[in-house]
Amino acid sequence: MSVFQYNRVDFFFTCLGLVFLLLDIGLDIVAAVSFYQEKAYVSLSILLLFLVGSSVLVQAYSWLWYSYEDFERQTKVERCLTLSQLRLLHWLQLGIYFRHAGVVEVSIRSFCTKMTEGCAVYLSHDLSMLRLIETFSESSPQLVLMLTIILQRGELDPVTVLKAFGSASAIAFSVTTYHRSLRSFLPEKEKQQIVSSVIYFLWNLLLISSRLTSLALFASVLPCFMFAHFFCSWLLLLFFVWHCETDFMDSPVGEWLYRATVGLIWYFNWFNVVEGKTRFRTLLYHGFIVADVSLLCGLWCWRMNTEELYFEIPLLYTVITAVSVVSTYLFGLLLKIIYYKCYHPNLSKEQLKGVTPEEELARSSPLSGDEVDSSLVSGRSFPSPPAPDLKHNKRMRKLAKNFYS
């Protein structure tokens, strides 16, 4: 029977994620105040749009997942609220922080009693998915905005570069945390080594950094076309998500929200949405992104050397920059290939932890359907199958099937 374990490393990642969350809130406030003091009202409006839009999106997912589970609250922190108070928290955009508090509570209790280990893993899975959504709906576009402003002002000093690199690393760390949540569904014999997470982090860092840099380069010289580029790309990606026939949420409205969100994530990075062989889809996606990154960098080079902008860069430097951005993406793809060739286990859905009760019953029963019927007629009794492990996150298990199958 599959049993989920919650160890010190998981607890460390949970606490570190909470630290990053609080740090992100503080940096958002500092950025907003800075834009206001500089009277950069356009940048301030765009920043607020990212912050509010991302918050509404994450709260919507949190509320829908509560509703799918009949508003079952599994921690003391959650149970201290009535349904009306829980709804009010989500309207006030505070539901996600309450989930964080619940995960920290049950994580601490899991070290005192093993009875709460499954609950801790269950809640941390939902939290990792919500963080991933927040990463690509707020942190990624916000970093593009910051890089665009830096490029337009010509303030490319080492400290600024270090800050941008730190933000990109935080985004890649969030993706790696999501990857670690998927790893909990692997059987013990298929556990991945820590080096697999390091390589996973590195190729995501290279791909995401290259993609965000190309978008910032384009936005710094053609800001008026940035929304058109995003909207057209998102519509195309949404069409492909719909064509994949995803099945993640428990309601039609929720499923279309998920598809729209995947289209947003795909604008920045690849995300598995269906199980089975996805090699063709992955090649098609990365081919599209490589072409798009090359086009954006090419347009930046053209504008930098044909128009009078805020500052001038020699043609050689612009070409080197554009080639470096594309090369970084290609190198990230190479690391991704190494990960899938050397460290990625391919498993069937029956081999993953967290099977449903029906799957567990069908797999553990020694009788066929005809034998079961005959046993009922003859009155013979057979030993009941072992109780399945019910404490698993079916949403994250679907994503694990997509990733490992």
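Gln59 is in contact (heavy atoms within 4.5 Å) with His90, Gln93, Leu94, Gly95 and Ile96, leaving aside its neighbours within four places in sequence. The residue is found in helix 2 (residues 41-68). Helices here are DSSP runs of H or I with at least four residues, strands are runs of E with at least two, and both are numbered from the N terminus. Gln59 is buried, with a relative accessible area of 5%. Buried means under 20% relative accessible area, exposed means over 50%, and partly exposed lies in between, with a 1.4 Å probe and protein chains only. A polar atom of the Gln59 side chain lies 3.4 Å from the backbone nitrogen of Ile96.

This is a predicted model: local features need pLDDT of at least 70, side-chain atom pairs count only at pLDDT 80 or more, and totals for chains, interfaces and linings use all residues. Residues are numbered from 1 along each chain as its sequence is written, and side-chain values use heavy atoms, with hydrogens and water left out.

One of the contacts of Gln59 is Gln93. Gln93 lies in the loop between helix 4 (83-91) and helix 5 (95-110). Its phi is positive, about 65 degrees, although Gln93 is not a glycine. At 23% relative accessibility, Gln93 counts as partly exposed.

Now take the whole chain. The protein has 15 helices and zero strands. Of its 405 residues, 49% are buried. Consider contacts between residues at least 6 apart in sequence: 77% of them join residues at least 24 apart.

In an unreviewed UniProt entry, "transmembrane region" covers residues 12-36, 42-66, 225-244, 256-271, 283-302 and 314-339. The UniProt positions are given in the numbering used here, feature names are shortened, and annotations may be inferred rather than shown by experiment. Two of these spans can be compared with the model. Residues 225-244 are 90% helix and 0% strand, and the end C-alpha atoms lie 29 Å apart. Residues 256-271 are 81% helix and 0% strand, with end C-alpha atoms 16 Å apart.

Next comes a helix pair. Two packed helices are described by the angle between their axes and the distance between the axes. Helix 8 (residues 194-221) and helix 11 (residues 279-306) pack at an angle of about 35 degrees, with their axes 9 Å apart. Axes are lines fitted to C-alpha atoms, for helices over the stretch in contact, and angles run from 0 to 180 degrees between N-to-C directions. The crossing of helix 8 and helix 11 is left-handed, that is, the near helix is turned anticlockwise from the far one by less than a right angle. On helix 8, the contact is made by residues including Leu207, Ser210, Arg211, Leu215 and Phe218. On helix 11, the contributors include His286, Ile289, Asp292, Leu296, Trp300 and Arg303. By class, the contact has 12 nonpolar, four polar and three charged residues. Ala, Val, Leu, Ile, Met, Phe, Trp, Tyr, Cys and Pro count as nonpolar, Asp, Glu, Lys and Arg as charged, and the others, Gly among them, as polar.

Helix 8 also holds Ser196. At 1% relative accessibility, Ser196 counts as buried. Ser196 and Tyr339 are 143 residues apart in sequence, yet their C-alpha atoms are 6.8 Å apart in space. Leaving aside neighbours within four places in sequence, Ser196 is in contact with Arg183, Tyr339 and Tyr343.

Turn to Leu334, found in helix 12 (residues 315-342). Leu334 counts as partly exposed, at 43% relative accessibility. Its C-alpha atom is separated by 8.1 Å from that of Trp203, 131 residues apart along the chain.

Helix 9 holds Ser233. Ser233 counts as buried, at 8% relative accessibility. It touches Tyr267 and Phe288, not counting residues up to four places away in sequence.

The loop between helix 9 (226-243) and helix 10 (252-268) contains Glu245. This residue has a positive phi of about 55 degrees although it is not a glycine. At 63% relative accessibility, Glu245 counts as exposed. Asp247 is also placed in the loop between helix 9 and helix 10. Asp247 is exposed, with a relative accessible area of 58%. Leaving aside neighbours within four places in sequence, Asp247 is in contact with Glu255 and Lys398. Asp247 and Arg259 are 12 residues apart in sequence and 9.5 Å apart in space, C-alpha to C-alpha.

Conventions: Polar contact = N/O pair within 3.5 Å; in protein donor to acceptor, adjacent residues only side chain to side chain.
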